[in-house]
Amino acid sequence: MTHLHDDKVKELEQKANEIRQTLIESLIEAGSGHSAGPLGMADVFALLYFHVLKHDPKKPDWPERDRLVLSNGHICPVQYATMAHAGYFSVKETKTLRKLGTRLQGHPHRTSLPGLETTSGPLGSGLSQAVGMAIALRMDGKKNIIYCLMSDGEHDAGQTWEAAMLAGREKLWNLVAIMDRNNIQIDGNTEDVMPLEPLRAKYEAFGWHVIDVGGHDFQELNSAIDEAKAVYEKPTMIIAHTIPGKGVEYMERDFRWHGSPPGKGPEDKFPRDMQGAEALKELRTLWGKIKSEHE
Amino acid sequence: MSNPKAKLVKDLLDLKKLAQAPTRDGYGFGLVEAGKKNKNVVVLCADLTESTRSEAFKKEFPDRFVEMGVAEQNMASVAAGMAAVGKIPFISSYAMLSPGRNWEQIRTTIAYNDRHVIIGGAHAGVSVGPDGATHQAIEDIAITRVLPNMTVIVPCDAVEAKKATIASVGLKGVVYLRFAREKTPVFTTDKTPFKVGRAEILWDAKVSPLHVAIIACGPLVHNALLAAEELGKKGIKVRVINNHTIKPLDEKTILKAAKDAGALVTVEEHQINGGMGSAVAEIITRNYPVPIEFVGVRNRFGESGEPNELIEHFGMSPKHIIEAVRRVIKRKPAQGRSASGG
């Protein structure tokens, strides 16, 4: 497996920081939206857009691009922030999130924003679309890779397993799914709401190659993606174990931050009027690199 | 009399001589034809390959056929994914399941996502027969026509079904094609005009003014023709319109009918709530209000029985259409009543 150079890891860490800052700022501005999932997936997004994906921000419909399907659409603030930093549009535009007339809809809408591959929000339908793309591209002898980003909570949905079954039967080598295994969903911890484990065994039983990785470890994530691309007889599921709210300590591992933006969340650590500034301060404190206009 | 421009079959009203075929047969033939014309056409089917008539395509193009198993929700979104990379997918199942069970997937991942996917819904209507209400889709027109980016087509016979199937390849967005299980009269021909979005006048009284225009869709168009013939014998002058495309609706033809006749009867094998008749009423009330009577299923579920028995039982036979015509004539404003024809 290729090993990322230290410089590359540093660069990706810096990108992930910027992405976290931008998404927090866009959520503060929007006054609604999801915090925990986007923060938890910032590292995965940084790695994909700044190292893994074959894509061109200036030609979003380039036919040779890899496809990134975001199934759990509610974490779109992290995708918007990442796309902005990758050059699809200005970082300034992320402040239009969820506002009337915006291209950055509350849940991602393909035809609003070039660079999005699907429209998503209602959970459980992204893997099906990724499977459809993988089957169709394979029919045409194309080599593009389809990455499907999913939540753990959407594994409650039957459609996810319908798609998993089909992908296994079709032995889709060109499909790489990455599950955000952050153990939370809106109503609580996943294993309390609807137990999902053993996820690894379930996917293996459906004919998938499964890799467990730390979702904030660029080396592990990158190696897993390389391994997935090298497995030709099966689709691959990378279970990325992440910390929901990663980077903002007062949100971390707390399911109550699943669907709230800073300024609208639980007040046991900070009152609402301080949550936005504190979130940005914590990011800065954590990494020592982020400047904030909210100081 | 039959409109000569419609080029219908010779023995139009002779049930003994008319050929009979289910509209789903036309879908099957149309799929193969569409597959030959366009290499991007693919067919997905949810474990109903024979009865949705997808089998012929599977035999002809095995590499472009995907068996989905009993998974209609997955099928809709997989089709959206295939369309995203250039395929033109047809998804085949029973209408109750697709667009029934998978409606949200159709809404979000196909319609709102603006993908070109064609939904072939077989076994629509109560004429499914002995299988009973669970398998009789009589809500499908309502749930599809409400969606933006959608075309809804209900072919009147197997010949028209084939034309609609082939034509849908060239459309944009989502297309819903509604088919029936039971054999019904084949009364249009290869030469009968068919254009998506244009209703066709199949029958028109020789002399004006008209008393009533009957707007029908699906195989019941033939019952409307039988009713028109009977009414004509009693001096009631009727126009029959085959309104195969429910969305987008041919407002011009429908409004002209309302103006020419001053009263309408709609006929569909579907709930009268939200169906084709409702679509007609929506444009009539906005533009040229006239009395309308609705022939269809009245806010209840279907049941087991023989197809013809069920059409009779649920009030959609020629007799019921004639009764609706008489009712609507009575509702016409005073100046129209003198021409009620008894």
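**Entry 1. The five-stranded sheet of chain B**

In what order do the 5 strands of the open sheet in chain B stand? I worked from a predicted model, and I read the order as β9-β11-β10-β13-β14 of chain B, with mixed pairing. I noted that β9 (200-203) and β14 (292-297) of chain B each have a single partner strand and stand at the edges, so one side of each has no neighbour in the sheet. From one strand to the next, I found an average twist of 25°.

I then looked up the pairing of strand β10 (residues 212-216) with strand β13 (residues 264-271), both of chain B; they run parallel and are joined by 4 bridges. Within this region, Ala213(B) has Leu264(B) of β13(B) as its bridge partner.

Helix α9 (residues 251-261) of chain B packs on this sheet, where I recorded that it touches β10, β11 (238-242) and β13 of chain B. The direction of α9 makes about 155° with that of β10(B). I also followed helix α12 (residues 318-331) of chain B, which lies across β10, β11, β13 and β14 of chain B and runs at about 155° to β14(B).

**Entry 2. The seven-stranded sheet of chain B**

I traced another open sheet in chain B, formed by 7 strands in the order β3-β2-β4-β5-β7-β6-β12, again with mixed pairing.

Strand β2 (residues 41-45) of chain B runs parallel to β3(B), and I noted 3 bridges between them. The bridge partner of Leu44(B) in β3(B) is Val66(B).

For the helices, I recorded that α7 (residues 158-168) of chain B packs on the sheet and touches β5, β6 (150-153) and β7 of chain B, at about 170° to the direction of β7(B). Helix α1 (residues 23-37) of chain B lies across β2, β4 (88-94), β5 (118-122) and β7 (174-178) of chain B, and runs at about 140° to β2(B).

**Entry 3. Chain B as a whole**

I recorded 13 helices and 14 strands in chain B. Its radius of gyration is 19 Å, close to the 20 Å given by the globule rule for 342 residues, so chain B is as compact as a globular protein of that length. The C-alpha trace of chain B spans about 65 × 40 × 35 Å along its principal axes. Buried residues account for 60% of the 342 residues in chain B. Of the contacts in chain B with a separation of 6 or more, 79% are between residues 24 or more positions apart.

**Entry 4. Strand β3 of chain A**

I turned to strand β3 (residues 175-181) of chain A, in which 7 of 7 residues are buried.

Strand β2 (residues 146-151) of chain A runs parallel to β3(A) with 6 bridges, and Met150(A) has Met179(A) as its bridge partner. The chain passes from β2(A) through helix α6 (residues 158-170) of chain A to β3(A), in a right-handed β-α-β crossover. I found 6 bridges joining β3(A) to strand β7 (residues 236-241) of chain A, also parallel, with Val176(A) opposite Thr236(A).

**Entry 5. Confidence in chain A**

I noted an average pLDDT of 94 for chain A, with 96% of the residues at 70 or above. Over residues 288-295 of chain A the pLDDT is below 50, and this stretch has 12 contacts in the model beyond near neighbours in sequence.

Key. Residues are numbered from 1 along each chain as its sequence is written. Chains are lettered from A and ligands numbered from 1 in the order in which they are written. This is a predicted model: local features need pLDDT of at least 70, side-chain atom pairs count only at pLDDT 80 or more; totals for chains, interfaces and linings use all residues. Two strands pair if DSSP finds at least two bridges between them. Helices (H or I, at least four residues) and strands (E, at least two) are DSSP runs, numbered from the N terminus. Axes are lines fitted to C-alpha atoms, for helices over the stretch in contact, and angles run from 0 to 180 degrees between N-to-C directions. Two residues are in contact if their C-beta atoms, placed from the backbone, lie within 7 Å. pLDDT is the predictor's confidence in each residue, from 0 to 100. The radius of gyration is taken over C-alpha atoms; the globule rule is 2.2 Å times the number of residues to the power 0.38. A residue is buried if 20 or more other C-beta atoms lie within 10 Å of its own, exposed if 12 or fewer, and partly exposed in between; C-beta atoms are placed from the backbone. A crossover is right-handed if, with the strands pointing away from the viewer, the path from the first strand over the helix to the second runs clockwise.
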